[in-house]
Structure formats: structure tokens, C-alpha cells
Amino acid sequence: MTNVTDYKASGVDMEAGDKLVDWIKKQPPTGPYSQVVSGIGGFSALFKLDFKKYKKPLLISCTDGVGTKVKLAVELDRVKATGVDLVAMCVNDLITCGGDPLFFLDYYASGKLELNQAQELISGVLQGLKESDCTLIGGETAEMPGVYQKNDYDCAGFCVGVVDEDKVIDGKSVEVGDVAIGLASSGFHSNGYSLLRKVFEKDLKENADFLMTPTRIYVKFVHELRDKIKIKAMAHITGGGILGNIPRVLPENTALKIHKWPWPDPFVEVQKRTNMSAKQMLETLNCGVGYVIIVNPKDTQVVSELAKNYGWSHWNLGPIVKHSGESEVLL
């Protein structure tokens, strides 16, 4: 006969969940909160779209997580960083088509709901949303003993945005002779951590700062840039690295003839420890480039000046060239 007498005794603390929701409700809004009709705490949320701002609005949706970086977050006590990552991985994807993030929902699952850990994660989410002019409108907290170990957790983000149909950036206007500009990443972002955990397993604490640096958010940069020039295509460098992501926004029969750029020290260290080839590195990690913007050559100076204003390193990654068949990056 079991000794379990109620839900809490089985490992699920509903009171802790209620406390977390109450805490979230007290946090300052991060984006267009005036458009929220009903938000956190209900079974669903309502958001009023400002149709006056858009002539032919198209909704954008995206979802992502932060992968096995959460394992390091627990071990190194850097949970807040993954909250920023969670937002960044979604909004950086969303803006590649030229849109505006509107609202965000998070999913947080753990073996046991530790209020401090959950608040750290949501604090990171709110920080990321503030950098993105986006609103936290709802979410879900799941306590699943037996599925996750006590301190383990996982998280997922869901973002909805909007873009005017006439202003969609889809790569169709990319031409031979255009130029790809790479904006520096803040580090490894949230990709390749199954590899990185093994590479640095003997000295994780010594390398915690660069391993747990949150993903850079490019929303405000892109919004400023699109008001200055015509952006032809954009790529968020995530899983698949440089080689896997840039071809997704190039037309058929074109390729990026990529130039070399100086990899930041942590990436050089990974290559040194693993003996991976340059090609293997570029198809696995961002190698210092977190976001790529393709423009007409006459507009490269504008991109460069704005990047300097943000204090970000940036590189001319090379020209778009003719190529037979499917698009790719040529080394």
C-alpha cells in the first residue's frame, strides 16, 4: 500500500506554482502591454493588434528552446542566462523576415518547482523581452517528478509577431554581387552545448563566464537598420552554424563565397581541443558570427556605422556569387 495521500505528497507543489504566477504578475511590463486585453493567470491570453500601423498585417510565429545549455545552467548556477537565451532564440528568428515581435509565452518544466530557480529564469526572460520590445503574455509551469531530477529543468519559448505584407524580407531580391555582413555573437549563444559540455567538462567553472554568456538580441539593431536601407535577407546563426543557416535565405543558383574572419578565442580553443576542421566548426558553431545581413554593396557602410554605434564587431563575409543548383556557402 502506498503512503501517498495527496498531490503534494506525490511531489507536485501547487502552492509554489501559484506563488510564481503571483510574482510574475508583479513584474514591470516589457513591451506593448497596453495592447494586452487579458494576460497572465487565465486559461489563455488576448492581445489587441494595432491595425492602423500595418496595411496588410501578417502574423509571424516561432518557437525554440535553449538545448542542453540548461545542464550547465544548473551545474554552474547561471539559470538567468538561459531565460535571456530563450527569448533571443525566438525573437532573432522572428525578425529575419522583417517583422516586429509582439508577445511571448514561456514553458518551464522541472522535477521539483524551486521558486528561486523559476524566478531566476523568468527574470532572464523579462530582461530579454525588454531588449526586444516584446511582452510576456502568458506561459506554463510544469512540475514533473520522475521525468526530471530535482534540480533539472527544461524550457521553451513561443513568440508571435507581425509584419506588413509589403515589407516582408524573404531573400527573393538577393542578387549576385550583394554582400553578406556578419554581426558578432556574444559567444556560443545556445547551440552546440552537447559538444561544449564534453570539451570543457574538466574545467567548466574556470570557463563559466564565456560558456554561460546570454545570446545577443539583434531586434533593435535590425529595426534601426531597416529604416535606413533596404535589407535583402537576414539569417540567424543557430544550430547548423554558418554553413547550415545562410543558404536558407539565398535564392537557387547563388552562393556566398565566404571570407575568413578572426574567430574569438573560445572558438579557437574548441577547435584546438577537438581537432575539428574549419568546415566542421562552421557547420556546428557560429564561430563568432551571430547574425548575418545581406545588402547591396552601396549599403555596407550604413551597416558598419550602426554596428559601431552598438559597439559590436562585424565583418564583410563575402559576396553573393553565381552557383549551379541549390544555394550554399563556398569556403
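Buried here means under 20% relative accessible area, exposed means over 50%, and partly exposed sits in between, with a 1.4 Å probe and protein chains only. This is a predicted model, where local features need pLDDT of at least 70, side-chain atom pairs count only at pLDDT 80 or more, and totals for chains, interfaces and linings use all residues. Residues are numbered from 1 along each chain as its sequence is written, and side-chain values use heavy atoms, with hydrogens and water left out.

**View 1. Cysteines without partners.** A disulfide is taken as a pair of cysteine sulfur atoms within 2.5 Å, and by that rule the count is zero. Take Cys 97: its closest cysteine sulfur belongs to Cys 62 and lies 8.7 Å away, so the pair is too far apart for a bond. Cys 97 counts as buried because its relative accessible area is 19%. For Cys 134, the closest cysteine sulfur is in Cys 159 at 4.0 Å, which is also too far for a bond. Cys 134 is buried too, with a relative accessible area of 0%.

**View 2. The six-stranded sheet.** Helices (H or I, at least four residues) and strands (E, at least two) are DSSP runs, numbered from the N terminus; two strands pair if DSSP finds at least two bridges between them. Six strands make an open sheet with mixed pairing, and the order reads β8-β10-β7-β11-β9-β12. At the edges sit β8 (233–236) and β12 (328–330), each pairing on one side only. From one strand to the next, the twist averages 25°. Axes are lines fitted to C-alpha atoms, for helices over the stretch in contact, and angles run from 0 to 180 degrees between N-to-C directions.

**View 3. Strand β7 and its two neighbours.** Strands of a sheet pair through backbone hydrogen bonds, either parallel or antiparallel. Here β7 (residues 179–184) pairs with β10 (residues 289–295) in the antiparallel sense, over six bridges. Val 179 has Val 295 of β10 as its bridge partner, and Ile 181 has Ile 293 of β10. Five bridges join β7 to β11 (residues 314–322), again running antiparallel; there, Ala 180 has Gly 318 as its bridge partner. How many of the six residues of β7 are buried? Six of the six are. Both faces are covered, with Val 179, Ile 181 and Leu 183 buried on one side, and Ala 180, Gly 182 and Ala 184 buried on the other.

View 4. Strand β3 pairs with β6 (residues 153–164) in the antiparallel sense over nine bridges, and Leu 59 stands opposite Val 162 in β6.

View 5. A pocket, on a 1 Å grid over the protein atoms alone, is an open set of points where a 1.4 Å probe fits, with protein on both sides within 12 Å along at least five of seven lines; lining residues have an atom within 4 Å of a point. Grid points are joined across faces, edges and corners, and a volume is the space filled by probe spheres set on the points. The second largest pocket holds about 340 Å³ of space. Of its 20 lining residues, the closest to the centre are Gly 98, Val 163, Lys 167, Val 168 and Arg 226. Strand β6 gives the most to this lining, with three residues.
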